[in-house]
Amino acid sequence: MKQLKSMKETLMSAVQGQLGNLGQADYRELGAAVDMIKDLSEAIYYCSIVESMEESAKEQKKMQQQ
């Protein structure tokens, strides 16, 4: 998940840089970058759910062993 977050931050920085100079911005590239940011956000969200489910399963297993 670290890599996903890093990729998202890199894209967000690039988009923010383009937004600082809208007269020179390439709107197709901005749109594609925003779509990628949304996709990465969704992937991060689902990864966090999976991690939570795995952690919960580990805790339940520990409790059953006691």
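Me: Which residues of α2 are buried?

Reply: L30, A33, I37, L40 and I44 are the buried residues of α2. Buried means under 20% relative accessible area, exposed over 50%, and partly exposed in between (1.4 Å probe, protein chains only). An α-helix has 3.6 residues a turn, so residues three or four places apart point the same way. This is a predicted model, in which local features need pLDDT of at least 70, side-chain atom pairs count only at pLDDT 80 or more, and totals for chains, interfaces and linings use all residues. Numbering starts from 1 along each chain as its sequence is written, and side-chain values use heavy atoms, without hydrogens and water.

Me: What do the buried residues of α2 pack against?

Reply: Their partner is α1, residues 2–19. Contact here means heavy atoms within 4.5 Å.

Me: What is I37 in contact with, leaving aside its neighbours within four places in sequence?

Reply: The contacts are K8, L11, M12 and V15. M7 lies 30 residues from I37 along the chain, and their C-alpha atoms are 8.4 Å apart.

Me: What does M36 count as, and at what relative accessibility?

Reply: M36 counts as partly exposed because its relative accessibility is 42%. M36 is also in α2. From M36 to K62 there are 26 residues along the chain and 39 Å between C-alpha atoms.

Me: How do you know what K5 counts as?

Reply: K5 has 44% relative accessibility, so K5 counts as partly exposed. K5 belongs to helix α1. C47 is 42 residues away from K5 in sequence, yet the C-alpha separation is 11 Å.

Me: Why does L19 count as it does?

Reply: The relative accessibility of L19 is 47%, so L19 counts as partly exposed. L19 lies in helix α1. L19 and Q65 are 46 residues apart in sequence, with 55 Å from C-alpha to C-alpha.

Me: How many helices and strands does the protein chain have?

Reply: Two helices and zero strands. Both terms refer to DSSP runs numbered from the N terminus: helices are H or I, at least four residues, and strands are E, at least two.

Me: What span is expected for helix α2, and what does α2 reach?

Reply: Helix α2 (residues 27–65) has 39 residues, and 57 Å is expected at 1.5 Å a residue. The expected span is 1.5 Å times one less than the number of residues. From first C-alpha to last, α2 reaches 57 Å, close to that expectation.

Me: What radius of gyration does the protein chain have, and what would a compact globule have?

Reply: The chain has 18 Å, whereas a compact globule of 66 residues would have one near 11 Å. The radius is taken over C-alpha atoms, and the globule rule is 2.2 Å times the number of residues to the power 0.38. Along the principal axes, the C-alpha atoms fill a box of roughly 65 × 15 × 15 Å.

Me: What percentage of the residues in the protein chain is buried?

Reply: Buried residues make up 12% of the 66.
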